[in-house]
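Reader: I am new to this structure and would like to learn how to read it feature by feature. Could you take me through it slowly, giving the general idea before each case?

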Amino acid sequence: MSLRRYGFFRCPSCNAHWESSHTYKKSQNVEIYHKQDCKKCHIGCEPYRVERLICSICKTQPCTCTAEERRARHNDPNKPHRSDLCHKCRSGFPCHG
């Protein structure tokens, strides 16, 4: 079972909104997620809404793509993962291996 989800975030200080496909549950047993920092305020924000990931290639939940197809899909040079804003990455368990 993947702990990765799609999250919707809002900063309580500046009201910035963003979405992230790198939203991770802290545990399989609880609905608590790792925070992400607001780019402007650098305040740790929890997602206000979380959904299961839907694959952008096969359009299914869970994904039925091969491991090679999944790796290729997540290499988007135009939108890199901001590990400096990601509390999961900063906790010593990076999103990317």
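Author: Let us begin with the elements, where helices (H or I, at least four residues) and strands (E, at least two) are DSSP runs, numbered from the N terminus. Read from the N terminus on, the elements of this chain follow the order β-β-β-β-β-β-α-α, which amounts to two helices and six strands. The model is a predicted one, in which local features need pLDDT of at least 70 and side-chain atom pairs count only at pLDDT 80 or more, while totals for chains, interfaces and linings use all residues. Residues are numbered from 1 along each chain as its sequence is written, and side-chain values use heavy atoms, with hydrogens and water left out.

Reader: What is the mean pLDDT of the chain, and which elements have the lowest and the highest values?

Author: The general idea is that pLDDT is the predictor's confidence in each residue, from 0 to 100. Here the mean over the chain is 82, and 82% of the residues reach 70 or more. Among the elements, helix 1 (residues 67-73) has the lowest mean, 64, whereas strand 5 (residues 44-45) has the highest, 97. Where pLDDT is low, the predicted coordinates should not be read in detail.

Reader: Which residues make up the largest nonpolar core?

Author: Two terms are needed: buried means under 20% relative accessible area, exposed over 50%, and partly exposed in between, with a 1.4 Å probe and protein chains only; a nonpolar core is then a set of buried Ala, Val, Leu, Ile, Met, Phe, Trp, Tyr and Cys residues joined through side-chain atoms within 4.5 Å. In soluble globular proteins, nonpolar side chains tend to be buried together. In this chain, buried residues make up 27% of the 97 residues, and the largest nonpolar core has five members, namely Phe9, Cys11, Trp18, Cys38 and Cys45. If contact is taken as heavy atoms within 4.5 Å, then cysteine 38, leaving aside neighbours within four places in sequence, is in contact with Cys11, Cys14, Ala16, Trp18, Ile43, Cys45 and Leu85.

Reader: How many disulfides does a search of the whole structure find?

Author: A disulfide is a pair of cysteine sulfur atoms within 2.5 Å, and the search finds zero of them. Cysteine 14 is in no disulfide, and its nearest cysteine sulfur, that of cysteine 41, is 3.6 Å away. Cysteine 14 counts as partly exposed at 27% relative accessibility, and cysteine 41 is likewise partly exposed, with a relative accessible area of 25%.

Reader: Where is cysteine 95 placed, and what is it in contact with?

Author: Cysteine 95 belongs to the segment after helix 2 (87-90) and is buried, with a relative accessible area of 14%. Leaving aside neighbours within four places in sequence, cysteine 95 is in contact with His22, Tyr24, His81, Cys86, Lys88 and Cys89.

Author: A salt bridge is a side-chain nitrogen of Lys or Arg within 4 Å of a carboxyl oxygen of Asp or Glu, and the structure holds four. One of them joins lysine 25 to glutamate 31, with the closest N and O atoms 3.0 Å apart; lysine 25 is buried at a relative accessible area of 5%, whereas glutamate 31 counts as exposed at 58%. Another joins aspartate 37 to arginine 90, with the closest N and O atoms 2.6 Å apart. This pair links distant parts of the chain, aspartate 37 lying in strand 4 (residues 36-37) and arginine 90 in helix 2, 53 residues apart.

Reader: Which side chain of opposite charge is nearest to arginine 5?

Author: For charge, Lys and Arg count as positive and Asp and Glu as negative, while His and the chain ends are not counted. Arginine 5, which lies in strand 1 (residues 4-10), is buried yet has no salt bridge, and the nearest side chain of opposite charge, glutamate 31, is 6.0 Å away.
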